[in-house]
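Subject: Handover of a protein structure

Dear colleague,

Please find the structure below, together with an account of what was found in it.

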Amino acid sequence: MRIGVDLGGTKIEAVALDDNNAIVARRRIATPADDYDATTSAIVELVEALEANYDQQGSVGAGIPGAISPETGLVKNANSTCLIGHPLDRDLSQALKRPIRVANDANCLALSEATDGAAGNAASVFGVILGTGVGGGFVVNGELLIGAQ
């Protein structure tokens, strides 16, 4: 089982996928306002609730409205400002007792569409998120482009 978490400014949604990439469970809750500890706890509770339905542990990936700085390992540039300056990936890994992958949500969108979505045959894919915040991701020949330029 694979679990994907979409952490947004107003909601957190988690889905569980089976081995055939079919969604087998989905849960959605409001994002706690301006509270890092409550936000991380909410993500952990969503993951554990999905796993309890199937009595198995899944791999977990999360898209966030910001980025993990490669220099510091801390969240930066997040519209959910309570995340800024925290090691979200490490905190979630510790709480769930396993590795967790965390990346910018717009990059996740673009890469997903380029690999197994509507743009699966395209040489380049640009994905944009317009929600509580705005972000974009760009994939060329199946490779996500990272960086300011």
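In which helix is the place of S41? S41 sits in helix α1, which covers residues 36-54. Helices (H or I, at least four residues) and strands (E, at least two) are DSSP runs, numbered from the N terminus.

Before going further, please note that this is a predicted model, in which local features need pLDDT of at least 70 and side-chain atom pairs count only at pLDDT 80 or more, while totals for chains, interfaces and linings use all residues. Residues are numbered from 1 along each chain as its sequence is written, and side-chain values use heavy atoms, with hydrogens and water left out.

The whole protein

The protein has three helices and 10 strands. Read from the N terminus, the order of the elements is β-β-β-α-β-β-β-α-β-α-β-β-β. Along the principal axes, the C-alpha trace spans about 40 × 35 × 25 Å. The radius of gyration, taken over C-alpha atoms, can be set against a globule rule of 2.2 Å times the number of residues to the power 0.38. For 149 residues a compact globule would have a value near 15 Å, and the protein agrees because its own value is 15 Å.

Of the 149 residues, 39% are buried. Here buried means under 20% relative accessible area, exposed means over 50%, and partly exposed lies in between (1.4 Å probe, protein chains only). The accessible surface comes to about 8,400 Å², and carbon and sulfur atoms hold 50% of this surface. These areas come from the Shrake-Rupley method with a 1.4 Å probe, and for residues only the protein chains shown count as cover.

A contact means heavy atoms within 4.5 Å. Among the contacts with a separation of 6 or more, 45% are between residues 24 or more positions apart.

The 19 residues of α1 should span 27 Å at 1.5 Å a residue, and the end C-alpha atoms are 28 Å apart, which agrees. The expected span is 1.5 Å times one less than the number of residues in the helix. Buried residues of α1 include Y36, T39, T40, I43, V44 and V47. An α-helix has 3.6 residues a turn, so residues three or four places apart point the same way. The cover over the buried residues of α1 includes β1, β2 (11-17), β3 (23-30), β4 and α2.

Is S41 itself buried, exposed or partly exposed? S41 counts as partly exposed because its relative accessibility is 36%. The C-alpha atoms of S41 and D91 are 9.9 Å apart, although 50 residues separate the two along the chain.

In the loop between β3 and α1 lies D34. D34 has a phi near 50°, which is a positive value in a residue other than glycine. With 68% relative accessibility, D34 counts as exposed.

G61 belongs to strand β4. At 24% relative accessible area, G61 is partly exposed. Apart from neighbours within four places in sequence, G61 is in contact with I3, G4, V5 and R101. Between the C-alpha atoms of G61 and D89, 28 residues apart along the chain, the separation is 9.5 Å.

S80 occupies the loop between β6 (75-76) and α2 (88-96). S80 is buried, since its relative accessibility is 13%. Not counting residues up to four places away in sequence, S80 touches G8, G9 and P65.

Helix α3 (residues 105-116) has 12 residues and reaches 16 Å from the first C-alpha to the last, close to the 16 Å expected at 1.5 Å a residue. Which residues of α3 are buried? They are D105, A106, N107, A110 and A114. Their cover includes β1 (2-7), β4 (59-64), β7 (100-104), β8 (124-130), β9 (134-140) and β10 (143-145).

L111 is also placed in α3, and at 31% relative accessibility L111 counts as partly exposed. Setting aside residues up to four places away in sequence, L111 touches V139 and G142.

Finally, N141 lies in the loop between β9 and β10. The phi of N141 is near 50°, a positive value in a residue other than glycine. N141 is exposed, with a relative accessible area of 61%.

With kind regards
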